[in-house]
Amino acid sequence: QDNRPKPYLTARELETMPIEIRNGSGAKNIAHKARAMLSQEGFYVARIGNHIDFGADRTIIYYRPGAEKMARNLSSKFFSNSPMKETAKLPENIAVKVLLGKDLLQRTEVMAKLDD
């Protein structure tokens, strides 16, 4: 269990750091559910969609340089400490991209949050 303090995000950071969610797991409506969950917590989900082929075995959180705090917050609070990768290749209007992988379907604590 990771007991380090969770990074605290300001309202400004939440408003100005758009998130993209991609369903790479093939599970129906999982991107919609993730958007609803994050929106309730004040995150700005700019867009959702399906990953190219639903072939993502693992959930990965990609983030632009400067958005690591946001990525770490998402990973620790919502996505069971999924791995994070910094990339400069995200679209300019997206700070963090969450690729939902098949591993999430086995994570009962995450799925329970998504079904709230």
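A residue counts as buried here when its relative accessible area is under 20%, as exposed when that area is over 50%, and as partly exposed in between (1.4 Å probe, protein chains only). Helices (H or I, at least four residues) and strands (E, at least two) are DSSP runs, numbered from the N terminus.

The model is a predicted one, so local features need pLDDT of at least 70 and side-chain atom pairs count only at pLDDT 80 or more, while totals for chains, interfaces and linings use all residues. Residues are numbered from 1 along each chain as its sequence is written, and side-chain values use heavy atoms, with hydrogens and water left out.

Back to E5 and its partners. Two strands pair if DSSP finds at least two bridges between them. E5 runs parallel to E1, with five bridges in that pairing, and Ile21 sits opposite Val98 of E5. With E3 the arrangement is antiparallel, and four bridges hold the pair; here Tyr62 has Lys97 of E5 as its bridge partner.

Next comes helix H3 (residues 68-77), where Met70, Ala71, Asn73, Leu74, Ser75 and Ser76 are buried. Among the elements covering these residues are helix H1 (11-16), strand E1 (19-23), helix H2 (30-40) and strand E5 (96-100). Contact means heavy atoms within 4.5 Å. Setting aside neighbours within four places in sequence, Met70 is in contact with Leu9, Glu13, Leu14, Met17, Ile19, Phe43 and Val96.

Met70 also turns up in the largest nonpolar core, a group of 28 residues in which Ile19, Leu38, Phe43, Met70, Leu74, Phe79 and Val96 have the most contacts. (A nonpolar core is a set of buried Ala, Val, Leu, Ile, Met, Phe, Trp, Tyr and Cys residues joined through side-chain atoms within 4.5 Å.) Two or more residues come from each of E1, H2, E3, H3, E5 and helix H5 (108-114), and H2 gives the largest share, five residues.

Finally, there is Thr59, in the loop between strand E2 (45-50) and strand E3 (60-63). Thr59 is buried, with a relative accessible area of 0%. Its side chain makes a polar contact with the side chain of Asp103 at 2.8 Å. (A polar contact is a pair of N or O atoms within 3.5 Å; within protein, one must be able to donate a hydrogen and the other to accept it, and residues adjacent in sequence count only if both atoms are side-chain atoms.) A polar atom of the Thr59 side chain also lies 2.9 Å from the backbone nitrogen of Gly101.
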